[in-house]
Amino acid sequence: MDKKDNFNVFKNDTGIHGQYKTWFLDYASYVILERAVPAVEDGLKPVQRRILHAMKEMDDGRYNKVANIIGQSMQFHPHGDASIGDAIVNLGQKDLLIDTQGNWGDVRTGDDAAAARYIEARLSKFALDVAFNEKTTSWQLSYDGRKNEPVVLPMKFPLLLAQGAEGIAVGLATKILPHNFCELIDASIKYLRGKKFQLYPDFQTGGMVDTANYNDGKRGGKIRVRSRIEEIDKKTLAIRDVPYSVTTAQLMDSIVKANDQGKIKIKKVTDNTAAEVEIIVDLAPGISPDITIDALYAFTDCEISISPNACVIVGNTPKFLGVDELLKISANYTSDLLKKELEIRLSELNDKWHYTSLEKIFFEEKIYKELEKKHEAWDKVIEGIAKAFAPFTKQLKREVSREDILKLTEKPVRRIYRLDIEELNKQIKGLEADIKEVKRNLANLVDYAVAYYEGLLKKYGKGRERKTEIKAFEAIQAKQVAIANVKLYVNRADGFIGTGLKKDEFVTDCSDLDDIIAFTRSGKMKVVKTAEKVFIGKDIIHLAIFRKNDDRTTYNMIYLDGKSGVSYAKRFQVSGVTRDKEYDLTKGTEKSKTHYLSVNPNGEAEVVRVILSASASARIKEFDFYFETLEIKARGSMGNQVTKYPIRTVKLKEAGKSTLSDRKFWFDDHFGRLNTEEKGEFLGAFDTEDRLLVIYGDGSYELRDTELTQRFDAEKILRIEKFDPEKIITAIYLDNEKMQFNVKRFKIETTTLQNRFVFIKEGEGNRLEAVTSEDEPIALIASGRGAQAKAQKINIASVVEIMGWKAVGAKLVDYNKTVDIQWEIPKSKGKQPELF
C-alpha cells in the first residue's frame, strides 16, 4: 500500500478517522443518556432506576443486605458493584425513597457508610406509594435480554427537584439542587390550580441561603450558602451547621488554612459534632467576634457559592430547563399517570361488572342448565348458552364473548348450588358506585390530582419542613475584615515600600489584601497593592492603608509651583483611583514640591505657621494660615495662593476641628448592620464621640460605637437609637413571678461599650414588653375581648418617678393573655418610630 492509499484509510468514513468520529459520538451519547443525566419523567439516572426496581422485586417488607441489592441490580446492567453501592448509599442518605438500617455515614461530617455486607435497606412506604405501578410502567429488555426493566418509573412526585441531581457527562454537566418536600407539593397544587409559585433550594444540612441570583436553577444562576455562626461570648464562636456539599472536616481545614494565611486569628478550632453540628472557634486575644464572623464568611467555607445547571433527558435528548418548568412537567406527568390509573381501574371495574352481571343472569335465569343438555359437541353447548343470553344483552354494556362463556362454564358445580343472587346484586351495586366515583374523578382530574398531592403532604409531610433559611446576605468586603497579617516598611529616601524591607523603617501592620496610598515630596501620589517591594518615588513623605470610597479623610496640602515660585494651599479627598497610576497633586511643573501635608480622618482643618525664607523681600516673614478658609475640592484642583514669596518651612500651630457635617447612619434590620447608604431606619447624625443605645427584648441594653463592621442581632432588638445620656427611658416589662406588668423610668448611667446591662427584674419568663424614649409617653392598655374588652390611657410620666436603672419599678397592670400594651403615637410626629 502506498502513502496515498494509507492516507485514504484514515480519511475515509469507513476508516479509522470515520470510526473515531462515530465511536466518540456513541460514547458521548451513552454517557449522557445512560450514566450521568437523569430522566425528566422520574428524576432518576439509569443505575438509580435499576436499584429501585431490584429492591421492588426483592420487597417483602423486611430489610435486605445492601450487598444482596447490589447483586440483584447487576442482573439488569453490569454496573460495577462499587458504583452500585455508592449509588445506593447516596439514595439512602437522602432519606426519601429508602429506609436504612446500620451505619450509612453522615453527609455533614463526610463519614463513609459501612461495607455493603453490614448495612441493610428496603423501599420506604413513600417510594412504594409514588414510584411503582406495573400497569402503568413501560418495559424494555435488560442488556442480555433475560430480564425486563422499566424504561422510566411511574413517578407521581417531583423527585428530581426533591432529591437534586449532579453528574458530569461528555461535553455537558448537570447540577440540580434539592428543594423542600412540602414546598414542592404546595407548588404542584398551585400549578394545577393555575396559580403562581416559586421554588428555592432547601438542604438537609440546614444553614442559610441567598437566592437573589438563583435564576430558576438555570445556567448562569448562582446561590450563596452560609453556616449559622453564633457568638457564645466575646472570645468564642460556635458554627451550628455546614453549607451544602461541605463537610465539617473540610470546613475546619478551611478555617485552619485561613488562620495560617493570616486572614483570621484564632487560638483553636474544635469539632464537637454529634447529633447536631457544633464547631467551636476560640478567638485570639483582642480579636473582634463581629469582624471574625465576617472574615469566616469571606475567607473560609462557612460561605460558598453554588452555580446550578439544570440539565435533564427529555425524549432521549439533553435539555436545559428551569426548576419551574421541571415542576410543571412533573405535575403534568403525575396527572397523566393518575388518569391512566383511573382509566385502567375503570376498565377493570367494567370488566368485573360485566362478568358479575353475566354470572347473575347465568344462574338467575338458569342458563347453566344448558350444560345438562346432551349435545353432540362442546361448541354446541357454547352456542346454546350464547343464544340463551341473547334476550339479556340490553342489560349488559358489551357483547358476550366466547371467553366470557368459557369462564362461566369453568365454575365448580358446588359453586352453582351455593350461589347467592342477593350477594351478586350487592356486588353489582358496589361496582356501579365505584364506576361512578372513578368517572367523576376522571371528569374532575385536577381536583383528583390535588387531593392526591394533599394526601401525600398529610401522610409524609411531617418532619420535612424547610431546614435552610432563605435570607439575603450583605456583601462582605474582604479588605475590611481581613486581619493585619503582614508588616509594611518604607525606604523614604530611595522611594521603596513593601513587606520585605525589614531592615528599613516600620510603618504599620496591614493585610496582604490592602491597598497602600503614598505621597512624595515632589507632589506625586500613587496607590499600590501590598507587595514585598514596590517603587513609589524618591523622598516619600507619607503612606498609609488606602480605603476606597472614603468620603471623610481629608488631605490638607501646601505646595510650591516650580515654574512661578508661587505656593498654593488646597484641601482634597481621595475616594477612588486607578491602582499603580501616578497622580500629580501640583500644577505639574518642574521643581514643584510639597511644603506641608496633613491627613485628617474626619475633615479637620488646622492652623499652620508659615515661615518665609530669610532672603524673601516680604515685610512680614511669618504668618498663620487657616485651612478652614478653604473648601474641599478635587485632588487635581490648583488651590488658593498662600504667598508668592519663597517659603522656608511650614509648621503646625494648632490642631483643627472637623469641618465636615456629622456622619449620618441608618440601621438595616434585615441584615443587622449600620450603613451610610440610607438603607433602613435613620438613626441620626453622629459625631466621632457619639454612641448608639441598643435595647433588647430580654430587658437588657448596651452602648455601641458606630463602627460599620459590627453585627447586630436584629431579631432580638426592640429599640436602637442615638444615645443621649439626658434622655429618660420608659420601659414596661412582664414580672412573670407576680403575673403583673411593671413600669419604670430611668436614665442610662453606664458608659462602658459593648457590655450588656439588664435593667428589668431578673427571673424566668420575664420579658420587655414596650420601651420608648419619648418625653411624655402615654401607654394604651387594652384587655379582654368582645363585650368584655376594656381600654385605658395612662400618662406614664405623671404617675411614675424617675428611678435608677437597677430599680424594679412600679406595678402598672395585672397580666393576662388578653392584655395588649402600646404607646400612643404623638400627634406632632404623625409617625412613631419609638413604637415597638
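How exposed is D713, going by relative accessibility? D713 comes out as partly exposed, at 36% relative accessibility (buried is under 20% relative accessible area, exposed is over 50% and partly exposed lies in between, with a 1.4 Å probe and protein chains only).

## About the model

This is a predicted model, where local features need pLDDT of at least 70 and side-chain atom pairs count only at pLDDT 80 or more, while totals for chains, interfaces and linings use all residues. Residues are numbered from 1 along each chain as its sequence is written, and side-chain values use heavy atoms, with hydrogens and water left out.

## Salt bridges

The whole structure has 50 salt bridges (a side-chain nitrogen of Lys or Arg within 4 Å of a carboxyl oxygen of Asp or Glu). D713 takes part in one of them, with K716, at 3.6 Å from N to O. K716 is exposed, with a relative accessible area of 52%.

E231 pairs up with K234, their closest N and O atoms being 3.4 Å apart. E231 is partly exposed at 31%, and K234 is partly exposed at 41%. Then there's R767 with E769, at 3.2 Å between the closest N and O atoms; R767 is partly exposed at 34%. Elsewhere, salt bridges link D210, R224, R226, D294, E303, E474, R673 and R711 into a network.

## A buried lysine without a partner

K45 sits in the loop between helix 2 (16-36) and helix 3 (46-58) (helices are DSSP runs of H or I, at least four residues, strands are runs of E, at least two, and both are numbered from the N terminus). K45 is buried but has no salt bridge, and the nearest side chain of opposite charge, E166, is 7.9 Å away (Lys and Arg count as positive, Asp and Glu as negative; His and chain ends are not counted).

Leaving aside residues up to four places away in sequence, K45 touches R35, A36, V37, P38, E166 and G167 (contact means heavy atoms within 4.5 Å).

## Cavities

There are two cavities of 30 Å³ or more (on a 1 Å grid over the protein atoms alone, sets of points where a 1.4 Å probe fits but cannot get out; lining residues have an atom within 4 Å of a point).

Note on methods:
1 Å grid on protein atoms, 1.4 Å probe; cavity = no way out; pocket = protein on both sides within 12 Å on 5 of 7 lines; lining within 4 Å. Points joined across faces, edges and corners; volume = space filled by probe spheres on them.
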